[in-house]
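Dear colleague,

I am passing on the structure we spoke about, with notes on its salt bridges below. Please look it over when you have time.

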Amino acid sequence: VILCLKLIDHYQQLETIPELIGLLHHREARVQETAIRVLGKLEAEPAEADLYAMFPHSSLEVQEAILKALGRIASGNYLEFLTAQAGAEDYRIRMGAMQSIREHGRKGAELLKSLFEQATLQNRELINHVFDTRIKV
């Protein structure tokens, strides 16, 4: 299954998006994570609702992949959700949410700047980190 997902990614097979969405419910977390990553790379906007729905009951690794995928899709439909996650207790979730917000172009950058004004010192440092173009994630 993983090899097929890698081939879908490599050949940018958009017609497989419905099947990829079905794999979000696979019993193996590794298959879920890979399907999420491929959906993100394909910028599969139809998958956003499913990604959002599975977030609360997923492992930390899957949650990180979901945040990254939402950033790659960057439709703007889930900016409110990403903003809420930017205040999460877990560092990786906060950082992933902030990076995903940044991927939303000018609208995301403006949102992060407004969050910066209200942020704790630690979150301000994270936001500065996200804006640093020398750092590649």
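Is Glu64 buried, partly exposed or exposed? Glu64 has a relative accessible area of 27%, which makes it partly exposed. Please keep in mind that this is a predicted model.

Glu64 also takes part in a salt bridge, with the side chain of Arg92, at an N to O distance of 3.7 Å. The pair ties together parts that are 28 residues apart in sequence, because Glu64 lies in helix H5 (residues 60-73) and Arg92 in helix H7 (residues 91-102). Arg92 is partly exposed as well, its relative accessibility being 36%.

In the whole structure, the search gives five salt bridges. Two others are described here.

Lys41 pairs with Asp9, and their closest N and O atoms are 3.2 Å apart. Lys41 is partly exposed at a relative accessible area of 37%, whereas Asp9 is buried at 18%. The cut-off for buried is under 20%, so Asp9 falls within that class.

Arg134 and Asp132 form another salt bridge through their side chains, with 2.8 Å from N to O. Arg134 is exposed, with 72% relative accessibility, while Asp132 counts as buried at 19%.

Regards

Methods:
Residues numbered from 1 in each chain as written. Predicted model: local features only at pLDDT ≥ 70, side-chain atom pairs only at ≥ 80, totals over all residues. Heavy atoms only, no water. Salt bridge = Lys/Arg side-chain N within 4 Å of Asp/Glu carboxyl O. Buried < 20%, exposed > 50% of the residue type's maximum accessible area, 1.4 Å probe, protein only. Helix = DSSP H or I, 4+ residues; strand = E, 2+ residues; numbered from the N terminus.
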